[in-house]
Amino acid sequence: MKSLSVNWFIEGSLDFEFKKYQLLAYLQQINHHFNKTKLYPDLNDLIFHYNNLMRFKENKSALQRAFPERLTNADIEAVKLTYEKMVKDDSLMLEIESIISFSLGKMDPALKEGREIYEFVESRLKIEPIGVVPLYPYHGYLLLRNGDERSTEVYEYQVTIFENHDEKYRGINTSFVSSFERNFIYTPEAIRKELIHIRREVPNPAVYHVETDITFPLEQTLLPLAKRSLVKHISTAA
């Protein structure tokens, strides 16, 4: 993937035409993936860069806080020094603002397309519990049926809870367990019984079946959205 560095728009040669070429090459690859309904990791990466540009545009004086997700302390100091040099040069700042304005305008349609694909895939997902849901539904199995694919993919999942100073967040970790051929024998209920029988380390698991009537790219689209939908479903039910 033609990735962009964290502070790509202010590093190296601050030439508008060069930065334009750099951005368009990046977006061309993202649009190519979106055209194939492949969302991840491109959508997250695009959102990250868009938000960074917006923060810089809205609050240039707080550049060191513009990239909290990826910068180390050494990176922050380097970016601060770069900024201090640039802020004294009006022509450089004008060039940066031109780069940012152009970039936001080009990123916006790609973001819109990515979100539309996300919402479409999410609308095609159907999720339901299999068997009795235990009191602790945060550990169990996700059964994933992908459109016309001839198998049901099984993942063990663990919902994790982490928090900052004022909010709690839920994430989910999954590991692949097995595939079961889709037929009249291996129904979701039968798969649940088989899992309990052969994987005794999880004696009373929560089991959820997620399916879609359209076949999507598994790793780049369906599995990430299925995981997000499962977290949302469990959180709402809890």
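**Fold, cores and salt bridges of a predicted chain**

Read along the sequence, the protein chain of this predicted model follows the pattern α-α-α-α-β-β-β-β-α-β-α. There are six helices and five strands, where helices (H or I, at least four residues) and strands (E, at least two) are DSSP runs numbered from the N terminus. Residues are numbered from 1 along each chain as its sequence is written. Because the model is predicted, local features need pLDDT of at least 70 and side-chain atom pairs count only at pLDDT 80 or more, whereas totals for chains, interfaces and linings use all residues; side-chain values use heavy atoms, with hydrogens and water left out.

Of the 238 residues of the protein chain, 41% count as buried; the classes are buried (under 20% relative accessible area), exposed (over 50%) and partly exposed (in between), for a 1.4 Å probe and protein chains only. The chain exposes about 13400 Å², of which carbon and sulfur atoms supply 50%. Accessible areas come from the Shrake-Rupley method with a 1.4 Å probe, and for residues only the protein chains shown count as cover. Among contacts (heavy atoms within 4.5 Å) between residues at least 6 apart in sequence, 68% join residues at least 24 apart.

The largest nonpolar core has 48 residues, and those with the most contacts inside it are Phe 9, Leu 46 and Tyr 157. A nonpolar core is here a set of buried Ala, Val, Leu, Ile, Met, Phe, Trp, Tyr and Cys residues joined through side-chain atoms within 4.5 Å. At least two residues of this core are supplied by each of α1 (16-35), α2 (42-58), α4 (90-123), β2 (139-146), β3 (151-163), β5 (206-212) and α6 (218-237). Helix α4 gives the most, with twelve residues. Not counting residues up to four places away in sequence, Leu 46 touches Tyr 26, Leu 27, Ile 30, Phe 34, Met 107, Ala 110 and Leu 111. A second, separate core of nine residues includes Ile 130, Leu 143, Ile 191 and Val 207.

Helix α4 also holds Ser 103, which counts as buried at 1% relative accessibility. With the same exclusion of residues up to four places away, Ser 103 touches Trp 8, Leu 23 and Leu 53.

Tyr 141 has its place in strand β2 and is buried, with a relative accessible area of 0%. Tyr 141 and Ala 206 are 65 residues apart in sequence, yet their C-alpha atoms are 6.3 Å apart in space. The residues that Tyr 141 touches, beyond those up to four places away in sequence, are Val 154, Tyr 155, Glu 156, Tyr 157, Val 177, Leu 195, Arg 199, Val 202, Pro 205, Ala 206, Val 207 and Tyr 208.

In α5, the buried residues are Ile 191, Arg 192 and Leu 195. These residues cover an arc of only 105° around the axis and therefore lie on the same side of α5; the arc is that of the directions from the helix axis to the C-beta atoms. The loop between β4 (168-181) and α5 (188-198) contains Tyr 186, which counts as partly exposed at 30% relative accessibility. Together, Phe 184, Ile 185 and Tyr 186 make a nonpolar surface patch of about 350 Å². Patches are made of residues with over 30% relative accessible area and no salt bridge, with like charges joined within 9 Å and nonpolar side chains (Val, Leu, Ile, Met, Phe, Trp, Tyr) within 5 Å.

The structure holds five salt bridges, each defined as a side-chain nitrogen of Lys or Arg within 4 Å of a carboxyl oxygen of Asp or Glu. Glu 122 forms a salt bridge with Lys 232, the closest N and O atoms being 2.9 Å apart. Glu 122 lies in helix α4 and Lys 232 in helix α6, so this pair ties together parts that are 110 residues apart in sequence. Both count as partly exposed, Glu 122 at 27% relative accessibility and Lys 232 at 49%.

A further salt bridge joins Arg 145 and Glu 211, with the closest N and O atoms 3.8 Å apart. This pair links distant parts of the chain, Arg 145 being in strand β2 and Glu 211 in strand β5, 66 residues apart. Arg 145 is partly exposed at 31% relative accessibility.

Arg 199 and Glu 201 meet through their side chains in a salt bridge (3.7 Å, N to O). Salt bridges that share partners join Glu 156, Arg 199 and Glu 201 into one network.
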